[in-house]
Amino acid sequence: MALCKARNYELLAKGLPGLTRYTGRSYATAAPLLVPHERSEEHARAFRLYTKSHIASLFERYAPSLDPVSYLAAAQVFPMRANNYVVEDLIDWSNVPADPIFQLVFPQPAMLSQHDLGSMVSAVSQVGLSKVALREKAETIRATLNPHPAGQKEENVPLMYDQEVLGTQHKYRETILFFPTEGQFCHSFCTYCFRWAQFTSVGSEQQFQSKEVKHLKRYISQHPCVKDLLFTGGDPLVMSSRTLRSYISPLLSDRDTNHLNTIRLGTKSLAYWPYRFSSDPDSKSLLQLFSEVVDSGKHITLQAHFSHPRELEHPAAQKAMRLIKMTGAQIRCQGPLIRRINDDPLTWARMWDLQTRLGAVPYYMFVERDTGAKDYFSVPLASAYSIFSSAVARVAGTARTARGPSMSASPGKVGIVGIEEIAGERLFALKFFQARNPAWTERLFFAKFDPRATWLNELKPAFGEKEFFFEQEYRDISAKTGNRQGSSGQFFS
């Protein structure tokens, strides 16, 4: 019998014990106390969407001291989407614009260069300027911001029968990514999002998506090396459970996909709309689906994106995490290190402590990627390593499962594993956590220490080497993918 059938989810949803008490602007460890918006399942909280068109009215209500025009200008270039849970429960409006959740959700004027901001402010203030002209001006700026980093479109798309497998990426041998068409948005957008281009030009070639589940299944069946499937976006959990089931169920009982061990769902829903698991109309059906995956003998895990402890402290998020765990699904937590939002070790230690206490697994600390408003959010690699190491030192061994700080660069996920002095030279010690060629993960390599570097391409090899050990082979791989010979994940199958 499925776990969901064996459990009374109505009872669970009505009142699981909480870890924290909401006090208005902060949370404290105490007996559970429902906040005003933490409604019971019989009175489910309705989802209310806010976009850039709501900026002026939201500021008038919550932050009258802020100039909405400059924020509206930034939101013409970067996607903006929020909801009533984020706006009413998570943002501390008495502390804007410095509040980390406000920085996380509302595009900030300083995310644009002074020149581009001035251009967009003039555009949004110009009476009679058409939407087409405004969109063209925004697209011109977006094109300068590396909208598809790390060779996502050029090097990761696999081939099957000499045709591109649309909406699929196969960068690493054991793992494929799938972008379901119906999941290419989120309950709320993050200002730092490295896939921001997915949401700014809907219907254009900027988008990466597919609804061809039969092609996905056929591709997996033909590649027995694939053990891990990640549904991503966007956020696959904005889809109805019925739609999500249509993608997952065909993979559960077919002998040809028996080698697939893990199904992962990349999601920010636990942070931005935890009611997806407790009181949305099909929340029980969603939990039932998780249980069915577990009963099939496969592992299902939510790759939960958390950027700040406040997202974990809310009783609604904690209830949702308990409900998920009761199905047998796992929760692994990851997020980027972001200046102005979580760039201190105490914040990360608090997050990892809470995640572990709630039964989740700290998984990755990422370095802000080389796309979008990177200059606004990025933290130097030396500082990133210091923050990561200091945070690890503050938590128990059970919370020391996170890897990082990790750069998701074109060759692979490169982690900074040390800052050392060797033969009188200060160096970064680096290691691939994942790589286009799996053999690269077996090597430790070194770069000259640079206190200002924020990304792999800004580092220079140590010990007088002209290039890092993997660079020539990576160029060879890039040449193959550029000639439509497949993706790197296929080359090493």
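Visitor: Which residues of helix 9 (residues 213-222) are buried?
Guide: This is a predicted model in which local features need pLDDT of at least 70 and side-chain atom pairs need pLDDT 80 or more, whereas totals for chains, interfaces and linings use all residues. Numbering runs from 1 along each chain as its sequence is written, and side-chain values rest on heavy atoms, without hydrogens and water. Helices (H or I, at least four residues) and strands (E, at least two) are DSSP runs numbered from the N terminus, and a residue is buried under 20% relative accessible area, exposed over 50% and partly exposed in between (1.4 Å probe, protein chains only). In helix 9, the buried residues are Leu216, Tyr219 and Ile220.

Visitor: Within what arc do the buried residues of helix 9 fall?
Guide: The arc is taken over the directions from the helix axis to the C-beta atoms. Viewed down the axis of helix 9, the buried residues line one face of the helix, because their arc is 95 degrees.

Visitor: Against which elements do the buried residues of helix 9 pack?
Guide: Contact here means heavy atoms within 4.5 Å. The partners of these buried residues are strand 5 (159-160), strand 7 (168-172), strand 8 (175-178), strand 9 (228-231) and helix 19 (488-491).

Visitor: Which residue forms a salt bridge with Asp254?
Guide: Side chains of opposite charge can pair when their charged atoms come close. A salt bridge is counted when a side-chain nitrogen of Lys or Arg lies within 4 Å of a carboxyl oxygen of Asp or Glu. For Asp254 the N to O distance is 2.7 Å, and the partner is Lys217.

Visitor: How many residues apart are Asp254 and Lys217?
Guide: Lys217 belongs to helix 9, while Asp254 sits in the loop between helix 10 (241-248) and strand 10 (262-267). Lys217 is partly exposed at 24%, and Asp254 is also partly exposed, at 22%. The pair links distant parts of the chain, with a separation of 37 residues.

Visitor: Which residues are linked in a network of salt bridges with Arg48?
Guide: Arg48 and Glu88 meet in a salt bridge of 2.6 Å, N to O. This pair joins helix 5 (residues 84-90), which holds Glu88, to the loop between strand 2 (27-29) and strand 3 (49-51), which holds Arg48, across 40 residues. The network links Arg48 with Arg45, Glu88 and Asp89.

Visitor: How many salt bridges are there by this rule?
Guide: Those described above include Glu88 with Arg48 and Asp228 with Arg264. By the rule, the count comes to 15.

Visitor: At what angle do helix 3 (residues 55-62) and helix 4 (residues 68-77) pack?
Guide: Axes are lines fitted to C-alpha atoms over the stretch in contact, and angles between N-to-C directions run from 0 to 180 degrees. For helix 3 and helix 4 the axes are 9 Å apart, and the angle is about 140 degrees.

Visitor: Which exposed residues does helix 3 carry on the face turned away from its buried side?
Guide: Ile55, Leu58 and Phe59 are the buried residues of helix 3. They line one face of the helix, because they fall within an arc of 100 degrees. Their cover includes strand 3, helix 4, helix 5 and helix 6 (100-105). On the face turned away, the exposed residues are Glu60 and Arg61.

Visitor: Where is Pro405, which is joined to Gly404 by a cis peptide bond?
Guide: Most peptide bonds are trans. The bond from Gly404 to Pro405 is cis, with omega near -15 degrees. Pro405 is found in strand 14 (residues 403-408).
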